[in-house]
Every structure is written in C-alpha cells, then in structure tokens.
Amino acid sequence: MIRTIVRGGVAWVAFAAIAAAEDFPAARNTQPETAPFTSPADALAKLRMPPGFKASLYAAEPDVRQPIAMTFDPRGRLWIAENYTYAEQPLRFDRTHKDRIIVLEDVNGDGKAEKRTVFHDQFQGLTSVEVGFGGVWALCPPQLFFIPDADQDLKPDADPIVVLDGFEVGPSNTHNFANGLKWGPDGWLYGRVGITAPGRIGLPGAPPEQRVDIGPSIWRFHPVRKAVEEVCTGTTNPWGHDWDEHGQMFFINTVIGHLWHVVPGAHYRRMFGADRNPYVYQVIEQTADHFHWDTAEAWNEAKKGVSASTSQAGGGHAHVGMMIYQGDNWPAEYRGKLFTLNMHGYRVNVDRLERQGATYVGKHEADMIFSDDPYFRGTEISYGPDGGVYILDWSDIGECHENDGVHRTSGRIFKVTYGDIKPLPAFDLADLTSTELVGLLSHQNEWFARQALRLLQERSAAGGDVKEALAGAQMLFRDGATTPLRLKGLWASQALGGTTVEFLEGLLGDKEEHIRVWALRLLMESSPNFHRYGPKFVELAKQETSGLVLVTLASALPKLPPDARCLVAAQLAQHTEFGDDRVFPLMVWYGVEGAVTKVPAAAAFAVNQSKIPMVRQFIARRLTQDLQTSPKGLELLLGLVKGVKSPELQRDVLLGINLGLQGWRKVEPPAAWGTLQPLLEAHADPAIQQLSREISVVFGDGRAMDQLRSIALAGDKDISMRRAAIASLVEARPDDLNKLLRNLLNDRDLSPEAIRGLAAVNDPETSKVLIDNFNRFYPAGKEAAVQTLAARPADALSMLTAMEAGKIGREYVPLYLVRQLQGYELPEAQALVKKLWPELRPISEDKKRRIGELKQRMTPEVLAQADPAAGRRLWEKSCGKCHLLFGEGGKIGPDLTGSQRHNLDYLLENVIDPSATLAPQFRMTTIELDSGRVISGVVLAKTEQTWDVQTPTEKLTIRVAEIEESKPSNQSLMPEGLLDLLKPEEVHQLFSYVMSPRQVLLTP
C-alpha cells in the first residue's frame, strides 16, 4: 500500500510494510504538561553552541516522534526507530501502541528532511535499528529481527525473521533493556544491555547450553557465521558506544561512571549486585578520571533539579547516546573527541581520550552544546555523510524513567554543522565497484569508510569477485601513511577473506601497537588452531612492551588450553611496570581464572613466577576455594610458602589462602600445615604471623554458626565468601536453615545458592515457594529452581503441573532432567512428561541391556583406576571432533563442559541411544541436490541464499537454488555403536576423562 503525505509543498511517499499505516495507533500522551510545551521552532532557538556552529531542525513532530535510535544506509538516508510502547509504571510497556521504523531524506540539501517513508510499523519494544546484509536489523527485546530488503526500495521483501532471542526484559526492568545495534570495524554487529535485563541469548530454539549469558554487557553477533558472544560485562545501563580511529571501542553509562573502554573479557564495576562469575574478586573501574555530577550528592537528586556544583561538573549522572567525532565538517580540534548527551544537564558533554598505562583515560573537556528547553531529552548523537551531527530529541519532561508519564506526540531531530556546508549530490555507495569502495576507506569522513567496509564484507560473504578490491586493501595496509589508514586496509582485507593465519602471525612483530592489537584479535577469530599458540604467546608476553597489546593478550587467554593459559599468565605477570595499572593485573587474572582449578600444578607455578601481588593472591585464593574437590592446590600452595624465601610472596600466598577460607566453618588441616604453622608463627613479618593465626582458626576448632550466618547475610561481604558460608550452613543443617535460605531468595546474587540449598531440606512448602516466585528469578535462579524441584518426585510433579498451566516454560528444563522426570514411578508425572515432550521416545530394551552391562562394569573403583590422559587422547580422536569439553573441541554438538558428566546414567543413555532425547537443533536432515547428490547433516544456519550444513566429516555451504528436497529426521548426527569399537579398558579410560572435574594433562 502506498500513501502520499505533503509537507511544505513536498510530496512524501510512505510504504506500509506489513499492515496499513492507517492502522497505526494514535500516539497518546500520559505525561502531564507541567511546563509549557515547547514548539519545534522554539526548541531549535533554545540551543546554544560555540561560535561558528549552527543548528537546523532536520525533522520534528508529527513527522518524527519518540526517536530512540538512528542509523544511515549507503544512500545517506536517515533511519529512525520510533518507540511508542515504552510506558510509565506499572505498565513498563503499553501494548496498545506500536513502534515503527521510518526513513528520512534531505532531498535538496538544506539541512531538513523533505521525504519520509514508513518502513515497518508493527513492532513493540523497539530500541534500535541498523542496516546491512540485504535488509534491516531491529532489536525488540526479547528478540533481534532481520527484515529482508535486498533492493533497498524501503519495502520489506518478507516478514521479519527472528535472528536471536533471549533478550529478557527483567522482572524489575524499566529502562535497561537491550539496545544499540552498530557495526564494528571487525564486521560484527554490536549491542548493549543493562543491569536489570540479564538475558540468555542464542539462535531461535537453541537450548540453554548453546546460549550466551549477557547483562549488563556489550555483546556482538556475526551476520555470516551466526556466532554470538558477550564481549565484556558490567556497569549499569550502557546506552551509547562508538569506535575511535584505531578501532578501540568505548561506551557510555549512567550513575557509577560514564565512560568505559571496551576490553574483551573485562569485568567492570556494577551499580549493584555481583558479577556472574563468583571468582572475579575485583572489578575494573571506569575509564574517565572524573564524574559529570557532584558525587557528594545522591545520584538521584538530579531528578529534583541540578545543583550548581553538579552543573559545573557536567550536568548529572544520566548519559544517553555517544559518538567519537571523525567527520569532516567540524573543526579539527573536535576530531577524535567523545561526545555524549547529558539528560539532566540538557547538554552535550565532551571527553578527550588519552593513552595512559596499559589502556586509556578520559579527560574532561568543556561541555559543548546546551539546550534551554525543559523538554529536551537527547537519546542519540551521530555524524552523517556531510560531516554534520544529528541529535535525536525524545522531547519530554519529568524524570528519565518516565514514572510520571510519556509525552508521545513530540520528537525532534537537530542537525549541528560548522560554517557553510556544501550539500552533497545524490549518491548510492552500493552502486560503486568494490575497488571504488576500497578508495573510500581513505575518506576524511569516517562515515564513508565505515559504509564501504560493510559493503565490502557483504559482497565477499555473497561470493562476489573481490580480487581487485583485496589487492587494493592490502596495498592500503602496506603503504598507508598513518596507522588508522593501515588499520582500515587490515579490516578490509579481513572482510574480503585475505588475511591468512600466517600473515596475522607476522603482524605480531609490527612496529605499531595498534596493528599488533588487531593482529591478536583477528587471530582469535581466524585461526582454527588458536589453542596451540601457548608457546608463541609466552615469547610474545616476554618481548612485548606495549601495555595495550599485553592487555589484549590477556583477553585471549580463555581461548588457550588451561596449562598454556597458566604459562602465558605467568609471563604476563612479569611486567611489573603495569603492576599497579587499573586494568592490566585484573585482565591477567580474568584470563587465567578458568584454568586455575583445572591444572593446579601449573597454577602454582604461575604464583611462584608472578611478580604482581594481585595475580599471586587471586590464584592462591581460587586454589584454596577448590579444596573440597581438589585438596592438591592448597597442598601445593603450602609447599610454596615453605620453599620460598621471599616474604612478599609468602604474604601474598597466605593472604590468598585466608581469603579462600572465608565462609568455611572447619577444614581438615593439610598434612603440611603441622610443620609449617610453627615456622609462620615465628616469622619476622607480623603480617605473616597474623595470617597464620587466622588460617589456624579454620584448620582448628572452626568458626561458630553465628559467624557463618553473619557472613552469609552480610550484603557488604565478598560474594564468594557469602556463597561459601551458605555451603557450610547447608552442610551443617542448623534448625533455622530453611528460614535463612528463604530470606535469600530475593537476593539476585545468592538466590541460586539459596534455592539449591533448599533441596537439602525436605520441606513440603518448598515447591510452592519456588513455583510462585519462579518468574521473579533471574536465569541462574530459574535453572537452580528447576534442579531443586526435580530432586524429589512430589516436587517434580508440582513442577510438571505448573508447566502444564504455563507457569514454567518447557525451555527451562534440560534434557537430562527430562529423563530423570520420566523415571519417577508416578503415573501422573509420566503422563505429564509425555504430554509436555511428545517427541521423547523410550529407550529400546536392547539398549537398556547394553546400558546396564556397561554400568555394572564401570564401577567407581574401575573408573578411578583408569588413565584419564589416555581417555583424553581417545576423546580428541572421536568425540572431540564435534563436542567442546574444557574449552577445546568442535562446536557441532552441545558443549559438554557444564553438562551432567558426573552422572554415569546420563552419559550412557546419550552415548548408547543418542537420538532418544535429541534437541531439535541437533537433528539430522537429509538434503537432495539438483545434481542428484544426497547430503545428511545438521543444518546450522539458513539465509535467503544459502544453508550451512555440518556433516560427520565437513561443513558445507549449499546454495538454496541447488536444493531439490530436504527431509528432517529424528536421528542424531552422532552415530550409534561408538563404544563397540573400543576395548573395555579404552571405554573405561574415555569415561574416566569425560567424568573428570577438570582438564587433565596429556602424558608423554
């Protein structure tokens, strides 16, 4: 349907995509106009800016309302996400409204939009829009959509396709939901999510083990590989990000600090609550060396009005939208500086980014643009193709959470330029050749370079001829006059498929630190054998002098095997010049943490070699906390304390041990403690004497119950200490345990531990409490609740009944628990399992016999005597081709690291009858091609043009046009009879390895 709208004598053509635009609900205001409404013309007049700058009203109501996000397409058209559904409490979202995407165009170059097109108007919860790869991306939590528009005619080619889901809108969320789609220089689509909307995102239908926990986070999605990752975690409500000329990403935030430099794998301070990883121990503080509000005041005082001291500091705590200006219109003094909209200060704050230490610092510059309009609510800021800067204005009064209502009928877009600006002629970058696009990488306006880079990536992914373009990109990298130009050549070469592993390895010795940084990052994505880089990275850590490269190397540690991680970390921790850095020691710790308990001997070696106190303390602390499952780590630490002469090293190790024992009631003392403790008591260092006494309390009579209760309930205590205290209380079973655990159910950090603890208390009320509160729990709490409810037949029946009633979703119950539920001898439970999982089929009698035989043979004693290192070799030759375990292996099947590997029944059922409890995404499909070829495999991803299919031996990309017929089946790609090919002792070895709690080292 086409409708024509006339504004100022110019015809506007609007295309209604899925539904007629006339059906779009009228915007309704709920915000009382307690201040006189400001007209668009008056709002423009109320803008104040430095001499030489001027602003135009690019668009205003009724042509644009509720603008929440923007982007541009290759023709320079401005795409706007309009959000009408966001509402005041208790609604949060008013579902009687719809959200839409519109496209605005300045046809005559006068700084004002004359043409407006409605692209799609049936969304709800729309927070962001981005263009690329033959369509439009729209983020509407809990889903990320893709709307095909291959010919860019602003008419959708098909209905929206769900690309990702799981972007939850949390139980207490009012404004932290997922937002901020932007293409990065590496070809990934980046986004943001706040602290009260943690999610578990993945491809539609993906099970929990295939999903990624996010929130608060920066996350990213690869449009070709369909991979999704959390980049870093922490802060409060990130609502703006951008990249500098070196491809370093920064994002903006509220309350606890406004500016943060993105380091992959970093854990930043949160406004409240603990990091998802209880072993983080310490988080990174903000990048800026200042705040934009008077921190002597309560942060929310700004709602009542901005004080003089807060105004002088920058205007307030709430920041929305961000750009690092790299356009070609504003004066050179503004290039490379960071700009963000300060909501309560009605202004644009400016920060100067400087390299400092291992990373960056943000320095406060004079605020730049001010508005005297009480309705001014900036939501995004970005520069366009002519270098002018666009500012979205939500146009509302009241506080920023909209608790007092929403003024939906207004909205403005201002364009800020410097001097006389020459209108650009009409253009479409998509019409340029790939070689011409490479030429745009050197454009003074970064807008053109970014558009060109994405278009090159799209053409390469579509299989186009990009040989000449690749040669041009490689020449730009080789001969570029500046590091930013060389980087653009590198990014383009990567996008065009021209960066080999050998080439990237060679760049690790480049003279420019930013080239070395990106060589590391691209290697992490490109090399199929990245896990073998341990020895190379040990040498790199030894020779490298740049803190930024060293931090990047630390962020790569989790991709290495555990033993290599410890060796590289040990070498990184030799760099005492960054020992007191705000970021570097913590990044080394984050990188090595996951390996510490898997290879305690290597971790102890890292402690001994490290010259950075924080790294030594944290490794020692983590090893100590694992003493219940592996006492070897603590024994190694005590041996280290006894064997070294350095009091600094002894003190750091003992401090780590002492912190690791916090929350423990009583621990059987290791054999070495009896001889070591008298030596420590007589030590010349008083601090070592005191640490020895404190450790002796836990190794002696133990802590009192009251102390443990105090630790568990103390909100100011380290979260890992509180979790350890809960574990001690659950083990001790005091009379008030049930009451104490219920009091912790609403604690977002401790609810999973409290819920699991309730499984130890046989209370008939537990199931009702957990079911009634289920939807209030965060993802980890829901997972724990399902585990606890499934632990007893009666509770399991209550859970199944609740699932039938729609109170608990089927997706929260993992498949191994389904088998457990099926095994309960309750007819009602069995009937509900059959109803809820109709695809579940029983295991055949012959397979049951085979499982019984193997289970009888593989006793705990037999498995304990088997060689797990030999089992690891067997694993790598077979199962490891498809499954991840301890971070190594293939990604065709589920990651088994976090599965029920300790449960022999679960393992045998899945190995002997792999198709019995098969998740949909692992089912095999038989595909017949027009050539007559038949392919059987798992369909990993589908696009309009191609299917990615994984067979037992290779990954294939098949063009849709070649597919004659496809037949899905209920069979697993994993073949039956795998164990029949092994000798009995090999079966024991394989299961010994798979069931091991940590990675085992390969013996010579």
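**Overall architecture, helix packing and backbone features**

The protein contains 32 helices and 37 strands. The model described here is predicted. Of the 1004 residues in the protein, 59% are buried. Among contacts between residues at least 6 apart in sequence, 63% join residues that are at least 24 apart. The protein exposes about 39,900 Å², and 52% of this area is supplied by carbon and sulfur atoms.

Two helix pairs were examined in detail. Packed helices are described by the angle between their axes and by the distance between those axes. The crossing of helix 4 and helix 6 is right-handed. From helix 4, the residues E446, A449, L453, L456, Q457 and S460 take part in the contact; their counterparts in helix 6 are K488, W491, A492 and A495. By class, the residues of the contact of helix 4 with helix 6 comprise six nonpolar, two polar and two charged.

The second pair consists of helix 10 (residues 547–556) and helix 12 (residues 584–596), which pack at an angle of about 20° with their axes 7 Å apart. Helix 10 and helix 12 are therefore roughly parallel to each other. Their crossing is left-handed. In helix 10, the residues L550, V551, A554 and S555 meet F584, M587, V588 and G591 of helix 12. The contact of helix 10 with helix 12 has six nonpolar and two polar residues, and no charged residues occur in it.

A45 is located in helix 1 (residues 40–45). With a relative accessible area of 63%, A45 is exposed, since exposed residues are those over 50%.

The bond from P141 to P142 is cis, with omega near 20°. P142 lies in the loop between strand 10 (135–140) and strand 11 (143–148). A cis peptide bond also joins G215 and P216, where omega is about -15°. P216 is placed in the loop between strand 16 (212–214) and strand 17 (217–221).

Positive phi values were found in residues other than glycine. Q66 has a phi near 50° and is situated in the loop between strand 4 (53–60) and strand 5 (67–72). The relative accessible area of Q66 is 0%; Q66 is therefore buried, the limit for this class being under 20%. Y346 likewise has a positive phi, near 50°, and is found in the loop between strand 24 (338–342) and strand 25 (347–356). Y346 has a relative accessible area of 25% and is thus partly exposed, because this value lies between the 20% limit for buried residues and the 50% limit for exposed residues.

Methods: Residues are numbered from 1 along each chain as its sequence is written. This is a predicted model: local features need pLDDT of at least 70, side-chain atom pairs count only at pLDDT 80 or more; totals for chains, interfaces and linings use all residues. Side-chain values use heavy atoms; hydrogens and water are left out. Helices (H or I, at least four residues) and strands (E, at least two) are DSSP runs, numbered from the N terminus. Buried means under 20% relative accessible area, exposed over 50%, partly exposed in between (1.4 Å probe, protein chains only). Contact means heavy atoms within 4.5 Å. Accessible areas come from the Shrake-Rupley method with a 1.4 Å probe; for residues, only the protein chains shown count as cover. Axes are lines fitted to C-alpha atoms, for helices over the stretch in contact, and angles run from 0 to 180 degrees between N-to-C directions. Angles under 35 degrees count as roughly parallel, over 145 as roughly antiparallel, 65 to 115 as roughly perpendicular and the rest as oblique. A crossing is left-handed if the near helix is turned anticlockwise from the far one by less than a right angle, and right-handed if clockwise. Ala, Val, Leu, Ile, Met, Phe, Trp, Tyr, Cys and Pro count as nonpolar, Asp, Glu, Lys and Arg as charged, and the others, Gly among them, as polar.
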